[in-house]
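Please examine the sequence and the model, then read the points below by topic.

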Number of protein chains: 2
Amino acid sequence: MAPSAVEVDIQAISAYGPARSTVKVDHPLDAEEVRKMEEYFKASLYLCLGMLYLRDNPLLKEPLKKEHIKKRVLGHWGSDAGQAFTWIHMNRLIKKYDLDALFISGPGHGAPGILSQAYLEGVYSEVYPDKTEDEDGMRRFFKSFSFPGGIGSHATPETPGSIHEGGELGYSVSHAFGTVYDHPNLISLTMVGDGEAETGPLATSWHSTKFLNPITDGAVLPVLHLNGYKINNPTLLARISHEELEALFIGYGWKPYFVEGSDTKSMHQSMAATLEHCVLEIKEIQKKARESKKAFRPRWPMIVLRTPKGWTAPRDVDGKRLEGFWRSHQVPIPDVLTNPDHLKLLEAWMRSYGPEKLFADNGKLIPELRELAPTGNSRISANPVGNGGLLRKPLDLPDFRKYGAEKVEPGISIVGNITGLAKFLRDVIAKNTTNFRLFGPDETESNKLAEVYKAGKKVWLGAYFDEDQDGGNLATEGRVMEMLSEHTIEGWLEGYVLSGRHGLLNSYEPFIHIIDSMVNQHCKWLEKCLEVEWRAKVASLNILLTATVWRQDHNGFTHQDPGFLDVVANKSPEVVRIYLPPDGNSLLSVADHCLRSVNYVNVIVADKQEHLQFLSMEEAIEHCTKGAGIWDWASNDQGEEPDVVMASAGDVATHEALAATALLREFLPDVKVRFVNVVDLFRLISETQHPHGMSDSQWKALFTEDKPIIFNFHSYPFLVHRLTYRRPGQQNLHVRGYREKGNIDTPFELAVRNETDRYSLAIAAIDHIPRLHNKASSVREKFVNLQIAARNTAFEDGLDSEEIRNWKWPFPKKI
Amino acid sequence: MAPSAVEVDIQAISAYGPARSTVKVDHPLDAEEVRKMEEYFKASLYLCLGMLYLRDNPLLKEPLKKEHIKKRVLGHWGSDAGQAFTWIHMNRLIKKYDLDALFISGPGHGAPGILSQAYLEGVYSEVYPDKTEDEDGMRRFFKSFSFPGGIGSHATPETPGSIHEGGELGYSVSHAFGTVYDHPNLISLTMVGDGEAETGPLATSWHSTKFLNPITDGAVLPVLHLNGYKINNPTLLARISHEELEALFIGYGWKPYFVEGSDTKSMHQSMAATLEHCVLEIKEIQKKARESKKAFRPRWPMIVLRTPKGWTAPRDVDGKRLEGFWRSHQVPIPDVLTNPDHLKLLEAWMRSYGPEKLFADNGKLIPELRELAPTGNSRISANPVGNGGLLRKPLDLPDFRKYGAEKVEPGISIVGNITGLAKFLRDVIAKNTTNFRLFGPDETESNKLAEVYKAGKKVWLGAYFDEDQDGGNLATEGRVMEMLSEHTIEGWLEGYVLSGRHGLLNSYEPFIHIIDSMVNQHCKWLEKCLEVEWRAKVASLNILLTATVWRQDHNGFTHQDPGFLDVVANKSPEVVRIYLPPDGNSLLSVADHCLRSVNYVNVIVADKQEHLQFLSMEEAIEHCTKGAGIWDWASNDQGEEPDVVMASAGDVATHEALAATALLREFLPDVKVRFVNVVDLFRLISETQHPHGMSDSQWKALFTEDKPIIFNFHSYPFLVHRLTYRRPGQQNLHVRGYREKGNIDTPFELAVRNETDRYSLAIAAIDHIPRLHNKASSVREKFVNLQIAARNTAFEDGLDSEEIRNWKWPFPKKI
């Protein structure tokens, strides 16, 4: 048996153990270059400390006093130095090779490291004119950091050049890949925190190279920042042997290079050599693929950068470790307001960077240092990809009307709701070959969207086997992105959209909860962008939920969860939209609208099976434009007050509500039923709370203010209650929906369990129409018996009865 | 540059390319053993097909006809054979070495493979007496599979021996580790699907070995089932080179052994040798550690099992690939009801297993095969760990009253709410050294729970550095589990609880959304268990949410999301509980209750900062027992009708509501304010909808039916609206809460943005008390001005004003 890894590791790795680098360091920088880069690095670190501590005296022209310190000192120091260091080294190569480069900041709370770069490059002052490159501007810059009304300690939307906030960890690599797809010249340098690297989403996103085409896509250059500590714990990857660490990244398909140490001068040489080697290796791979026109998956280069946490901080404070330990994670010396010795220590530390040599008397970075940065849009912080809305071009969309079901007999015609959409998306792909992609976790074909493969196959840079010819639909140059990781595909899509392109993600409805938190964070990003003037709007992030709760059949209870809508409905009304098109034509209308929209998260719910159709294309467009409306053809209250409003939202829900309406009209012909359908869920809310909300008078025109409303809803019924809680006549609203009751059920049985089936709805109507009080008991009993009979069939045969399965609206409308 | 991996792979791997195994296969089985294992394997596969297809003629005593086939054929074949194969080989070793073994089934929809084992071992018939080991029982067993009212195609709670359903993929490895912690003799054999292996949660869970102590814990033996395909796509890990695959698992810290092929007879030899080698290696590791009493992290053995997807199915059907391709994922020949040739093909296939030789005429497995399985509780499907409630022992809990704040002056005393809890949990750990663990994603110390390390340090089997002596709190034999992966720690906790132990997970509130879907699935598991008679109840899964939305300060908008409660509230009322204790003593009372409870998911929300205290321990117990109540000391409506009810749920929310009450009482002393606090959120719902719900008359006694209620809520306000939507006087309920408005804000500023601050609440009261109409306008204006003044202070200093920060209840109660 091998000796224990623990024992081996303790021996092999002293704190920042033997440096290991597969690039021979032959001192690529001359002494003058090292000096300048070191000075630039110091300028950056000085700014980081300024942001953490100072409200005044930004250049330390006076001795540092308590009143110069923020009353509450907040922020993080841990990963700042490593990030600034890496950015500075990329600057050198941008200038040398005229690179198009973006910087993705993965480690949590590392914003000072990159904000300082944007400020040193002048971009910060360009986008925020009050943060000038002088003493006053610097003071304002410092003060606004982690200060009420100011900016955060992540790479928030206010950060020039950022498309990745990193407040919630785990998405830097998938976001980075999203930015480089179809951006063949872009290199997204991606700092990955070693804390972040422990998360599941990050751990699997290393596999993204199997979906990257070296001809048509750019490259991601990850720098795993092994600084050893999280908030209060060592990191896993910093506590395994070099052998395991190297094997891990080879296993993930990368070629890891190691840059390790704490001596800044030798580290400059090592990083310069290694980063340059990696950039050249990327260029060589791309050249080979592009010249041969043969795409392949190389082992892409990456860097493991091992530097002390809190690098360049004092090694100890009062005998307790600071640099190289988790204590440097946040504010490195927290008590400077109350401990005069520590204030002095801070001052000495800040002065050790020599601000008077780095910044001119007026506060501006001295010219010989400014020269180290690129200029114009070559500056990472000014790269337009980092403000992707600037690059966004509207999609060239085919006319969605052409893809609809024709000659729809409402409630009678049956087609797959997804069928038309699949063809529409096929042609969207065909017409937008470099700025639209479809994303899905191995469910695209199952979700009846396979038609899209005719225009764009599945991107695949893994190995190919002979059998792939037999319907594999794989290609190195595909347009559909499928990996069994909702996190990764969502991360790709976010990165793709934020860097100026368009996309749609399709998923089984129940498992979209896996990315609740990612969608939450994207919504938050979009909302904050609305407050940032210089941010141009990006395309909406579109999510199609299918394989819905009502058609899970043998998949059972684990596959029944329509609750993603509740999560989305909590986000800001400025950025979220929820659509429940009842049929295929309305789905097309909704999809077209969503693909044209900007700055939203659009959620579309549509089941993948064959379903009743209700609307001609023209009717669908009109209905979707209104978002909610009365279906006259299904109603018999024309010109009169209805006895009951039968309402629905969702395809299956509408089917059952319509069948309930038919039951009422057949067995209680004098009951006046109004049929209302809701497509745009936020129509239900007050117009004071959401831009799509309706006024109370509109509400009354649809739902009345005093009639019972039986509302059959696709998802958990409570969502309708919360959206409508203060509507006139709200006490008459009886919502049915999924109530977390399910098993291996036929569709009808599942509906009965949750009281969303036609009989339950018709019975509810009878129970709530006051004038029927006790007068329809025989009809009610009939419905109860019909329901029981229908259930029994299913238990015997495993199938719903023909009558249930083949039900059609019995009152055809001439078309 | 290296040649491209794609090119290399295409050459290196023909479909199931050169077999690779690091265990020398020296034919450990004699011919007779191989024959018997092959027969047992065939019996198992025959049962799998029977489950998929048959409703009658279970033993094929008659020619197979359409009427013997289920009317709807459902289920999955793809991974069945590989799983059955592995189980059977483990049986051999259980018998040979008297192992204590569990089987975790990771691949999606592989239930037939393991249900067949439970049936062959007799356990299925023991727990379901109608599924006898005879022809009738077999028919019923077949028919119930994927049939309405029957069982699902995952390892659902109805499956004997299962603690892992696998409907949602990604958690098999973390669940498996949860089962073996503190179960030193257990080996959890874990099949990992190669689709599942692409998910983020699974990808990072391989690192769990860094938290496994070979002395006090058992072992997980993963078998990565590389069958090559997901639903419609190849899997990543099946399409990388052997070199990468091997490196990946070495990098993750494992020692991978390969068993690859499709010829069943040679595969029996290979699997027997390799599995035995791995089991012996596990035992050797454990022996070394246990004898030396020195824990270490070895490279634990694991197996990569590469077999064709749909193994043993026909290679082609009508010229299209079946075995070894994704077409065998679900029902392998779907059209047997409509295609007579395919029905014949199915019959021939089923008969090729030779059912008449495997089962006696009465339908029972023949004795010589039955002998291959272990007996009694040694049978995997009968292992009590798989029905963990049987093993559950109540915690030995210290008296929580001892840990509370003493001499609480309500609204005046200030302590950290978590302080007492931390000490209580410390002693829970100290008194329950083998069946309680605390879990957290690197936030336990940040969440002010560091006191627990005095009783149990953080488990750490990674490398140790000298600096760890300086407050590292790491130990190989710790009781606190910290990894920066919410998915992994939740998976561990679920596995730990489901195998009969207890635990609590602490997390920042905003990032708990990362595991929405996992908690959803655990709730669904618990609910289904209630319907399974033989399942014993397990301990509740306890989640403490802290670092809450209202105290995020410089973390900003990304750290503000209290919406997990909405996700939980959608789950079945039978299994979810939500508590919002207002202070430290009530938190202790709630925590004690939760740790004693069974079969729930308990969510406790309590901020980690110092806060006002409101209740003595006795009052806290009484208040928490009621779940909601009037605080007389804060009310001035004694013996009268109140003008307004000021209500709150949540610590910060209560603080502000109390301050609003004080404002009203100071400036409008004749206004009668009743103060109501809610701890148990489901008290708000009707008693018809949740066991904790209150009746309408109880509701009226607290909230009145006609007075305005200003309800300050911790989370999104809509949740209260949905819980109370049909309460008497519901239209008078004005709920304030987080409305998705935030930035880098002081606590007061954040409250003002969301109108949950004291002034906004007091103004709302004025606006809604009818008799004040226009009579309190000067007071109202005063509140507006005070609010503005308080905001301005924060913008200048970055701190809330002293007055805001140090506010105390101005009407002290004698204590």
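**The residue after a buried helix**

Helix α7 of chain A is followed by A:D182, whose phi is positive, near 60°. Helices here are DSSP runs of H or I with at least four residues, strands are DSSP runs of E with at least two, and both are numbered from the N terminus. This is a predicted model, in which local features need pLDDT of at least 70, side-chain atom pairs count only at pLDDT 80 or more, and totals for chains, interfaces and linings use all residues. Residues are numbered from 1 along each chain as its sequence is written, while chains are lettered from A and ligands numbered from 1 in the order in which they are written.

**Helix α7 of chain A**

- In helix α7 (residues 172-180) of chain A, 9 of the 9 residues are buried, so the helix is largely enclosed by the rest of the structure.
- A residue is called buried if 20 or more other C-beta atoms lie within 10 Å of its own, exposed if 12 or fewer do, and partly exposed in between, with C-beta atoms placed from the backbone.
- The buried residues of α7(A) are A:S172, A:V173, A:S174, A:H175, A:A176, A:F177, A:G178, A:T179 and A:V180.
- These buried residues pack against β1 (100-105), β2 (186-193), α8 (200-205), β3 (219-225) and α15 (486-498) of chain A.
- Contact between two residues requires that their C-beta atoms, placed from the backbone, lie within 7 Å.

**Domains of chain A**

- Chain A is divided into domain 1 (32-390), domain 2 (400-611) and domain 3 (635-805), with bounds that come from an automatic or database domain assignment.
- The centres of domain 2 and domain 3 of chain A, taken over C-alpha atoms, are separated by 28 Å.
- In chain A, 29 residues of domain 2 are in contact with 28 residues of domain 3.
- On the side of domain 2 of chain A that touches domain 3 of chain A, the elements giving two or more residues are α17 (564-569), β15 (576-579) and α18 of chain A.
- The residues of that side of domain 2 of chain A divide into 15 nonpolar, 8 polar and 6 charged.
- In this classification, Ala, Val, Leu, Ile, Met, Phe, Trp, Tyr, Cys and Pro count as nonpolar, Asp, Glu, Lys and Arg as charged, and the others, Gly among them, as polar.

**A helix pair in chain A**

- Two packed helices are described by the angle between their axes and the distance between the axes.
- The axes of helix α14 (residues 417-431) of chain A and helix α18 (residues 584-596) of chain A come within 7 Å and cross at roughly 35°.
- Axes are lines fitted to C-alpha atoms, for helices over the stretch in contact, and angles run from 0 to 180 degrees between N-to-C directions.
- The crossing of α14(A) and α18(A) is right-handed; a crossing has this hand if the near helix is turned clockwise from the far one by less than a right angle, and is left-handed if anticlockwise.
- The contact is made by A:N417, A:T419, A:G420, A:L421, A:F424 and A:V428 of α14(A), together with A:G584, A:L587, A:L588, A:A591 and A:L595 of α18(A).
- By class, the contact of α14(A) with α18(A) has 7 nonpolar, 4 polar and no charged residues.

**A sheet in chain A**

- An open sheet of 5 strands in chain A has the order β18-β20-β19-β21-β22, and its pairing is mixed; two strands pair if DSSP finds at least two bridges between them.
- At the edges stand β18 (628-630) and β22 (733-736) of chain A, each with a single partner strand, so one side of each is left without a neighbour in the sheet.
- From one strand to the next, the twist averages 20°.
- Strands β19 (residues 644-649) and β20 (residues 673-678) of chain A run parallel and are joined by 5 bridges.
- The bridge partner of A:V645 in β20(A) is A:R674.
- Helix α24 (residues 758-768) of chain A packs on the sheet and touches β19, β21 (709-713) and β22 of chain A, with a direction that makes about 160° with that of β21(A).

**A loop residue in chain B**

- B:T375 is found in the loop between α13 (367-370) and β8 (414-416) of chain B.
- With 13 C-beta neighbours inside 10 Å, B:T375 counts as partly exposed.
- B:T375 and B:V123 lie 252 residues apart in sequence, and their C-alpha atoms are 9.8 Å apart in space.
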